[in-house]
Amino acid sequence: MRGFGFSKFKPNQIPKGGFEELLKLFLELLNYTSGDAGEALAWLNELDKQYNLTNDDYGMGDFIDELKQKGYLDEDRQNGGFNITAKTEQSIRQSALEEIFGKLKKSGKGNHRSPQSGQGDEKNAERREFEFGDSLDQIDMTQSIHNAQVNHGIGDFMMTERDLEVEEMDYKTLTSTVLMIDISHSMILYGEDRITPAKKVAMALAELIRTKYPKDTLDIVVFGNDAWPITLQDLPYLQVGPYHTNTYAGLELATDLLRRRKTHNKQIFMITDGKPTCLKEGTQYYKNSIGLDRKVVNKTLNMAAQCKRLKIPITTFMIAKDPYLQQFVRKFTETNGGKAFYSSLNNLGEYIFEDYARNRRKSVR
């Protein structure tokens, strides 16, 4: 007789003691506690009680002592707790990078290929005849000798300019990116934590650029009622606030940051789950969370059009499925000439990686 058998769920990825295994779980918990070491350790203790993470030879006290010895924790003498260190912050970013981008194909460090061929920086698979001005290191000598043998024969071997074959070269480009993260209250509404995946993707992207594309630039902007830049070190501590969504302010700040960059390729990535609901007028805030407010929407669309005039494409990663919100994003994307992805939280990192890699392949003219 066919049917379904049910049994108690037993997690198979719960670490069983040892510093390295517990450290992975501790770093993951720090993402959810916004860098609060005390709260993360409290959660770890609860998990230990439930799943027996430690054993008689290595207890939670041993783990905390080792965290301090290896420079992951500092004691807060004023409050009697713990603070994470710069080493821990970097470990969180590296952990996010491995989790989100670790299984994706990687190319050599610092590569920025573009569709434009010629006297560039990196060889590709294309070949062509030699032209005046080509450098000698571009000549494919093996193929050139073969051409000479075919064209002139082996008995009276000679090589002319027409026999020379050149390997095409791709230009390497630099890219300046601003990553905008929505920290309005809706990012934790309806029982869904959207800010933690957004933070993890931001940390992974930042670590990817820092280690693999060090000549690229990444600025991070958060927006709620207002918009302000944050540093890489601020990311683990980022929290949602009691804010509305001032998308206009975020775009205005992102555009201002990109104006200062001297690179040819500029782009904005925006992670959001909702519509714009707020504007700042002088010292006052204009807010309306009901429906799509025409005043707020039109000003936001005007900002998208301004970015298009400045040749700054905006890629929106929409992590909400409401049809009327997606309709606004489509209009916003059409106005800017950018792109939009309606992604779940699970594949947000994959979308961002693919789009970042694709946008780097732009020609310098």
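Tutor: In the hairpin of E1 and E2, where 4 residues lie between the strands, glycine 80 adopts a positive phi near 75 degrees. This is a predicted model, in which local features need pLDDT of at least 70 and side-chain atom pairs count only at pLDDT 80 or more, while totals for chains, interfaces and linings use all residues. Residues are numbered from 1 along each chain as its sequence is written, and side-chain values use heavy atoms, leaving out hydrogens and water. Helices (H or I, at least four residues) and strands (E, at least two) are DSSP runs numbered from the N terminus.

Turning to the open sheet, 6 strands follow the order E8-E7-E6-E9-E12-E13, with mixed pairing. Strand E8 (227-230) and E13 stand at the edges with a single partner strand each, so one side of each has no neighbour in the sheet. From one strand to the next, the twist averages 20 degrees. Inside this order, strand E6 (residues 175-182) runs parallel to strand E9 (residues 265-272) and is joined to it by 7 bridges, with valine 178 standing opposite isoleucine 268 in E9. Strand E12 (residues 314-318) is likewise parallel to strand E13 (residues 339-342), through 4 bridges, and threonine 315 stands opposite lysine 339 in E13.

E12 and E13 also belong to a right-handed β-α-β unit with helix H9 (residues 323-336), where right-handed means that, with the strands pointing away from the viewer, the path from the first strand over the helix to the second runs clockwise. H9 in turn packs with helix H8 (residues 294-309) at an angle of about 35 degrees, their axes 7 Å apart; axes are lines fitted to C-alpha atoms, for helices over the stretch in contact, and angles run from 0 to 180 degrees between N-to-C directions. H8 passes H9 in a right-handed crossing, a term used when the near helix is turned clockwise from the far one by less than a right angle, anticlockwise being left-handed. The contact (heavy atoms within 4.5 Å) involves Val297, Thr300, Leu301, Ala304, Ala305, Cys307 and Lys308 of H8, together with Phe328, Lys331, Phe332, Thr335 and Asn336 of H9.

Two further helix pairs complete this account. Helix H2 (residues 37-51) packs with helix H3 (residues 60-69) at about 150 degrees, and their axes are 11 Å apart. H2 passes H3 in a right-handed crossing, in which Leu41, Leu44, Asn45 and Asp48 of H2 meet Met60, Phe63, Ile64 and Leu67 of H3. For helix H1 (residues 19-32) and helix H6 (residues 195-212), the axes come within 9 Å and cross at roughly 120 degrees. Here Glu28, Asn31 and Tyr32 of H1 make the contact with Thr196, Lys199, Lys200 and Met203 of H6.

Notes:
Pairing = 2+ DSSP bridges.
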